[in-house]
Amino acid sequence: MISQTSFISLFHPDSRLASFGADWPLDFENVSPRKLADNGFVYLGNEDHVKCFACGKELQNWEETDNIVEEHQRRNECLYLNYLKSGGSAYDMDLKTALDIAKEIHRRTIVAIESDTADESDLKTHFNSSKPKGRPKKKV
Ligand SMILES: [Zn+2]
């Protein structure tokens, strides 16, 4: 699982790859942890559930013949995927793309908080999708 302090490092594929521990259940060449990580996905630690660090899309129930890029872009606009498709390198992201993606992540977080589907912990744990939504906000 992703620790709360590793948010920035999720911009690097090797850090995303590190989220795929021994619990990753599949042994598919097409849908390997390496390929998922290179395409923006982080393992959520539950069955085969993954989430894109940039657009927040969650995918699961992978099949051996799945195409990661096609599944990623289905009904979805992802700045990171667009960057890869335009020839950008996962390992050498330019600053402008990184900032655009960071802005998009924060925008999504703010929308979630304003619509009361999130609480303060979402600021730290963008990638923990397993907790219940809509809990009352805790005041400290
Ligand atoms: Zn994405």
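These exercises work through a predicted model of one chain.

**Exercise 1.** State how many helices and strands the chain has, and give their order.

*Solution.* Start with the count: 6 helices and 3 strands. Then read from the N terminus: α-α-β-β-β-α-α-α-α.

**Exercise 2.** Check the span of helix α5 against its number of residues.

*Solution.* Helix α5 covers residues 95–114, which is 20 residues. Take 1.5 Å times one less than the number of residues. Just after α5, D116 has a positive phi of about 65 degrees.

**Exercise 3.** Is P33 buried, partly exposed or exposed?

*Solution.* Locate P33 in helix α2. Count other C-beta atoms within 10 Å of P33: there are 19. A buried residue needs 20 or more, and an exposed one has 12 or fewer. P33 is therefore partly exposed. Now list its contacts, leaving out residues up to four places away in sequence: L17, F20 and W24. As for G21, it lies 12 residues from P33 along the chain, with 9.2 Å between the C-alpha atoms.

**Exercise 4.** Describe the largest nonpolar core and the surroundings of V50.

*Solution.* The core has 20 residues. V42, V50, C52, A54 and Y80 have the most contacts inside it. Elements giving two or more residues to this core are α2 (33–38), β1 (41–43), β2 (50–52) and α4 (79–85). Next, take V50. Setting aside residues up to four places away in sequence, V50 touches L36, F41, V42, Y43, L44 and L59.

Technical notes: Residues numbered from 1 in each chain as written. Predicted model: local features only at pLDDT ≥ 70, side-chain atom pairs only at ≥ 80, totals over all residues. Core = buried A, V, L, I, M, F, W, Y, C linked by C-beta atoms within 7 Å. Helix = DSSP H or I, 4+ residues; strand = E, 2+ residues; numbered from the N terminus. Contact = placed C-beta atoms within 7 Å.
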